[in-house]
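Good morning. I will go through one structure today, piece by piece, and then stop.

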Amino acid sequence: MGRIGYIILYFCLGLVALFQIFPIIWLFLFSLKDNKEIFSGSPFALPAEFRWENYVKVWEGGIGLYFWNSIWITGIAIILTVLLASMATFVITRMHWKLSKLVLGLFMIGLMIPIHSAIIPLFSMFLNVELIDNPWSIVITYTAYNLPITMMILLGFYYTLPREIEEAAIIDGCSIHRMFFRIILPMTMPVMSTTVIINMIYNWNEFVFVNTFISSDKYKTLTVGIQNFIGQYMTDWGAIGATLIISVVPILLAFLFFSNKVVEGISSSAIKG
Amino acid sequence: MNKVMSNKWIIALYVLPALLLIAVLIFIPLILTGYYGLMDWNGIATMEFIGLENYINAIQDAKFWESALHSFLLALFSTLSLLVYLAISLILASKIKGSDLLRKIYLIPMLLSSVAIAQLWIKVFNPSNGMLNSILMALGVDNPPAWLAEPSIVLYAIFIPILWQYAGFYILIYYAALKNIPEPLVEAARIDGATPLQIAYKIKLPLIMSVFKVTIVLAIVGSLKYFDLIYVMTGGGPNGASEVMASYMYKLAFSSNEFGYGSAIGFLLLIITLIVTVIVRKATATKEEIQY
């Protein structure tokens, strides 16, 4: 292929990259401007003066609380999901029992169903056990709905673990619990970290469960929080921009540091084998 | 050894917590949706059994079919856009310097929450100060449309952020599949005098066909249950012009308190998704997968 051919190809790829990244850069730019500058100046101009006070204003105006809720709900759900999924994957792939294939199938069906079809009964269930407007309803829902995808990512790794490890451990008189928590679980560290980061992205960004189950402001997470918050600042573009940037920064930072894990997790969660 | 590794108590202890969670929070609610669909119920008062009335009403509900049409249009559009993603991946996988970085840049929108994407694109589409119309006006377009307020274009306008959101995801999958093709195969074709287009069309595409078929199922099923972005961006409006099945169901239940009727729509959404999944799988199934 000639030089010109390559230039055209790079041009196309660069154009796609620009399309993907530019709206986010534009968002960052206007988060540092005031309305006057946004409405009269060029949308592509750098801010005349970097107005970081937009960030201070929205953080103190309530975003801080939503941010904290997102952190702890995301964190606890990740720990529960990865632990329970690891335990289940361990007995499904490593232990011998008749129903293992059937049980695995049940988890994998969970990957296909549209969650919105379950939301009305879930709502009425939580209402009956008084878990509506309680953040724990969110934690257990996230855990349940992320178990299938987490197990799917874990499966491949568990299948490739050598049998000799278990045999040696048992011959040495090691109990199954000890073997799982002290030997197997540490060995799956690389794939576990992938599932942690995938779960983090899912939980941090989740909207519909929080929007449905939580009504008090004090329990809302960032996604639903910013949605309401933006209502208050409807006309202040700088404040809206700052709010959105704050909400996406944790995920972008995680991507910056662990981009290979994210890529690995997303590809293995979509296509098996 | 075998005795230890088939200890029933251990198996139950390790698998039951996860199994109980998905049974109680996923499978039972799914079944209940179908059951609640048989009820006249506003979410508060006691339910009253009314048989198939909700389902019959749903089938005659023009609004439901309109939202279903929008969902299927979205599915069609998403499937067609796969071809664009595939073309980009073919370029990206053909010994391009910096492909790793480009692939990661493409993926960034996929990592953002639907709420953030929706709010950002509401601003992009803003009639007077948005990015899109600023560009259009700079290019000399006099009266660029109010993208999200125009019933005839709102649905297509929403397709753009959806395309933006998922491009990186599909490119990532295709790229991984293309990189899995053994180098000697491509090399041999090149020595035999095949052009890059021929190599792409005759060698690479058939080899990643199975992956392409999986993505078709993902795109269609994902579109049929699509909700968040549309709900936040337009709420299904103006006047139902961007309503999809999931947003119609959600609004029936949580805005109009029609929990019985909403459940019936939710159950239809489930059934439609399952039927379409089976049909697409059947339609794209091949007798034998190509081995390499």
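Start in chain B, with helix α4, residues 99–107. Its buried residues are S99(B), L102(B), R103(B), K104(B), Y106(B) and L107(B). Keep in mind that this is a predicted model. What covers those buried residues? The cover includes α1 (3–30) and α12 from chain A, along with α3 (62–92) and α7 (154–179) from chain B. So much for α4.

S114(B) sits in helix α5, residues 114–124. Is S114(B) buried or exposed? S114(B) has a relative accessible area of 12%, and buried means under 20%, so it is buried. Setting aside neighbours within four places in sequence, S114(B) is in contact with Q165(B), D228(B) and L229(B).

The other serine is S223(B), in helix α10, residues 209–224. Its relative accessibility is 4%, so S223(B) counts as buried. Which residues does S223(B) touch, not counting those up to four places away in sequence? They are S71(B), L74(B), A75(B) and S78(B). There is also a distance to note: S223(B) and F77(B) are 146 residues apart in sequence, but 9.1 Å apart in space, C-alpha to C-alpha.

Now the record. For chain B, an unreviewed UniProt entry lists "domain: ABC transmembrane type-1" at residues 68–280. In the model that span is 72% helix and 0% strand, and its end C-alpha atoms lie 17 Å apart. For chain A, UniProt places the feature "domain: ABC transmembrane type-1" at residues 67–258, again from an unreviewed entry. Here the span is 79% helix and 0% strand, with the end C-alpha atoms 21 Å apart.

The record for chain A also carries the annotation "transmembrane region", from an unreviewed entry, for residues 7–29, 71–92, 104–127, 139–159, 180–202 and 237–258. I will take two of these. Residues 7–29 of chain A are 100% helix and 0% strand, and the end C-alpha atoms are 30 Å apart. Residues 104–127 of chain A are 62% helix and 0% strand, with end C-alpha atoms 30 Å apart.

Next, a loop in chain A. D133(A) is in the loop between α5 (119–128) and α6 (135–160). Leaving out residues up to four places away in sequence, D133(A) touches F213(A), I214(A), S215(A), S216(A) and Y219(A).

On to charged pairs. How many salt bridges does the structure hold? Over all chains there are eleven. One of them joins R51(A) to D34(A), where the closest N and O atoms are 3.2 Å apart. This pair links distant parts of the chain: R51(A) is in the loop between α2 (35–40) and α3 (53–94), D34(A) is in the loop between α1 and α2, and the two are 17 residues apart. D34(A) counts as partly exposed, at 26% relative accessibility.

R51(A) also meets E49(A) in a salt bridge, at 3.6 Å from N to O. E49(A) is partly exposed too, at 44% relative accessibility. These belong to a network of salt bridges that links D34(A), E49(A), R51(A) and E53(A).

Another salt bridge is between E166(A) and R94(A), at 2.6 Å from N to O. It links distant parts of the chain, with E166(A) in helix α7 (residues 163–171) and R94(A) in helix α3, 72 residues apart. Both E166(A) and R94(A) are buried.

Now cysteines. A search of the whole structure finds zero disulfides over all chains. As for the cysteines I looked at, C12(A) is partly exposed, with a relative accessible area of 34%, while C174(A) counts as buried at 18%.

Last item, the surface. Where is F257(A)? It is in helix α12 of chain A, residues 237–270. With a relative accessible area of 63%, against a cut-off of over 50%, F257(A) is therefore exposed. F257(A) is part of a nonpolar patch on the surface, together with V249(A), L253(A), L256(A) and F258(A). The patch has about 530 Å² of accessible area together.

That is where I stop. Thank you.

Technical notes. Residues are numbered from 1 along each chain as its sequence is written. Chains are lettered from A and ligands numbered from 1 in the order in which they are written. This is a predicted model: local features need pLDDT of at least 70, side-chain atom pairs count only at pLDDT 80 or more; totals for chains, interfaces and linings use all residues. Side-chain values use heavy atoms; hydrogens and water are left out. Patches are made of residues with over 30% relative accessible area and no salt bridge: like charges are joined within 9 Å, nonpolar side chains (Val, Leu, Ile, Met, Phe, Trp, Tyr) within 5 Å. Accessible areas come from the Shrake-Rupley method with a 1.4 Å probe; for residues, only the protein chains shown count as cover. A salt bridge is a side-chain nitrogen of Lys or Arg within 4 Å of a carboxyl oxygen of Asp or Glu. Helices (H or I, at least four residues) and strands (E, at least two) are DSSP runs, numbered from the N terminus. Buried means under 20% relative accessible area, exposed over 50%, partly exposed in between (1.4 Å probe, protein chains only). A disulfide is a pair of cysteine sulfur atoms within 2.5 Å. UniProt positions are given in the numbering used here, feature names are shortened, and annotations may be inferred rather than shown by experiment. Contact means heavy atoms within 4.5 Å.
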